[in-house]
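Reader: I've got the sequence and the fold open and would like to go through the side-chain packing with you. Could you start with how burial is judged?

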Amino acid sequence: MRSLIVLTLAATTPLAAQLVTEQPLLTAVEFRGLHAVSRQMVWASGSGGVVLHTRNGGTTWKLDTIPGATSLFLVDVWAADANRAWVVGTDFSGGYAAIHHTADGGHTWTKQWELRHADAFLDGITCFSRRHCLALGDPMEGNYLLLVTRDAGRSWQRVDVSSLPPRLEGEAAFAASGTEITSRRNTVWFVTGGGHHARVWRSRDRGWHWDVHETPLTAGVSAGLFGIAMENDRRGLATGGDYRLPADSAANLFRTTDGGVTWTVAGRTIPIGVRWGITTGGPGRYLATAPTGTGLTRDGGVTWSAIDTLPANTASCAGGVCWLAGKNRLARVNF
C-alpha cells in the first residue's frame, strides 16, 4: 500500500504541542524497531517487512518492503549510517525468524540468517561497531537464542547455551519495542519478564559471557521489564509492568548506578501504566513509551512530564532529537 497517511497530534498539554511533530507515513504499518543514528538519520522497522528511513531529519522518508519478508514483523533495527542497517524479524504466526541487512540504503537487502523451527523468535538487535552485533531471541533448547557476528553479519554464531546462566522457568524477553536490549562500547544488557522476577542480563565481552541480576519487579506471564536505557556505563533506567494492566499505577521504573548489577525502585513514570520502551537522550534525560502515551524526564527519572497521549511502542534519540514510533505512527520530539 502506498497511500499517504497523515496523523495529527492530540495536543494534551502546551509542552506536547511544543515538542512533538507527527510525520506523514507512506504506508500503514506498526513500528516496533527504531534507531536514530544522528539528528538527521533515522531508521524504523515494523510489520509486513517494512522499513522506513530518512536522511534529512524527517523532511522526506524512503520506504522499503524487503522482498520475501512480508510475513515478518521486523521488531528491531540497528543502523551504522545512511547505507548500512540490520533488521531482525519474526513471523508472529510461528516457526520462522530471519536477519536481513542492507549496504546501499535499502535499495537491496540480503538475508544473512534464518531459522525455521517451532521456537524461532527474534526479539532485538544491537551493534557494538559496524562489524560486531548481537541478536537476541526467545529461549530455544534450554536457554536464550543469542547470535553474534564479528564480520558485519556475513556469519552469525550462536552463543553456547551451556555457557549461559540458568534461565528462570517461564523467563523471556518481550519484543514490544526493541529497547529490551541495549549496548555501550563492549557491554550489552537485556531485560526479561515471564519468570517470578524481572531480571537484567549483562555481558561485558559483546555477548560471549553473561551475568544476570534480579530487580525488585515481580514478573509473570504478561509482566516484567520491557525496556532498558543506559546513559553511561553505570547509570541507567529500566521500565515495564504488566501489559494486561495498561493503566496500573504500581511502580514501574528501576534505577542502576553500578552498571546493572543492583537495581532499586525509582518510582513510576507519567503517564502511569506499563511502559513498552525507554531511551536516553543524554545525562538524566529519558523518554518512556506505551499505549497510554509518552513521558519525559530530565532529572534521571525523579520527575516526569506527559508529553503525548497517543500510543507509541518505542523511542530513540540522537543529537538532541528523539523519535517515537508505533502503530501507523512516527513522530519527532525536540528533546
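Author: Buried stands for under 20% relative accessible area, exposed for over 50% and partly exposed for what lies in between (1.4 Å probe, protein chains only). This is a predicted model, in which local features need pLDDT of at least 70 and side-chain atom pairs 80 or more, while totals for chains, interfaces and linings use all residues. Residues are numbered from 1 along each chain as its sequence is written, and side-chain values use heavy atoms, without hydrogens and water.

Reader: OK, aromatics then. How many aromatic pairs turn up in the whole structure?

Author: The search gives 11 aromatic pairs, counted where ring centres of Phe, Tyr or Trp (its six-membered ring) lie within 6.5 Å, with planes under 30 degrees apart called stacked, over 60 edge-to-face and the rest tilted. In the pair of Phe174 and Tyr243, the ring centres are 6.2 Å apart and the planes stand at 80°, which makes it edge-to-face.

Reader: And where do Phe174 and Tyr243 sit?

Author: Phe174 belongs to the loop between strand S13 (157–158) and strand S14 (181–184), and Tyr243 to the loop between strand S19 (236–242) and strand S20 (253–256), so this pair ties together parts that are 69 residues apart in sequence. Strands here are DSSP runs (E, at least two residues), numbered from the N terminus.

Reader: Is Phe174 buried or exposed, and what about Tyr243?

Author: Phe174 is buried, having a relative accessibility of 13%, whereas Tyr243 is partly exposed at 42%.

Reader: What about Phe190 and Trp210, what geometry do their rings have?

Author: That pair is edge-to-face as well, because the planes of Phe190 and Trp210 meet at 65°, with 5.2 Å between the ring centres. Phe190 is in strand S15 (residues 187–191), while Trp210 is in the loop between strand S16 (197–203) and strand S17 (211–218), so the two join parts that are 20 residues apart in sequence. Phe190 is buried, with a relative accessible area of 0%, and Trp210 is also buried, with 9%.

Reader: Which residues make up the aromatic cluster around there?

Author: Phe190 and Trp210 form one aromatic cluster together with Tyr144 and Trp201.

Reader: Switching topic: which residues does Thr126 contact?

Author: Once its neighbours within four places in sequence are set aside, Thr126 contacts Trp78, Cys133, Leu134, Ile181, Thr182, Ser183 and Val188, where a contact means heavy atoms within 4.5 Å. Thr126 itself lies in strand S10 (residues 122–127), and with a relative accessible area of 4% it is buried.

Reader: And His101, what are its surroundings?

Author: His101 is part of strand S8 (residues 96–102) and is buried, at 11% relative accessible area. Beyond the residues up to four places away in sequence, His101 touches Arg84, Ala85, Trp86, Thr108, Trp109, Thr110 and Gln112.

Reader: I also clicked on Ile66. Buried or exposed?

Author: Ile66 is buried, with a relative accessibility of 1%, although its place is in the loop between strand S5 (62–65) and strand S6, S6 being residues 73–79. Leaving out residues up to four places away in sequence, Ile66 touches Gly49, Val51, Leu74, Val87, His100 and Trp109.

Reader: How far is Ile66 from Ser183 in space?

Author: Their C-alpha atoms are 26 Å apart, and in sequence Ile66 and Ser183 are separated by 117 residues.

Reader: Last topic, the backbone. Which peptide bond is cis, with omega near 0°?

Author: The bond from Ile270 to Pro271 is cis, its omega being near 0°, and Pro271 is in the loop between strand S21 (264–267) and S22, the latter covering residues 277–282.

Reader: What is the phi of Arg185, and of Asn328?

Author: Arg185 has a positive phi of about 50° although it is not a glycine, and Asn328, likewise a residue other than glycine, has a positive phi near 55°. Arg185 lies in the loop between S14 and S15, and Asn328 in the loop between strand S27 (321–326) and strand S28 (329–334).

Reader: So how accessible are Arg185 and Asn328?

Author: Arg185 counts as exposed, with a relative accessibility of 55%, while Asn328 is partly exposed, at a relative accessible area of 23%.

Key
Helix = DSSP H or I, 4+ residues; strand = E, 2+ residues; numbered from the N terminus.
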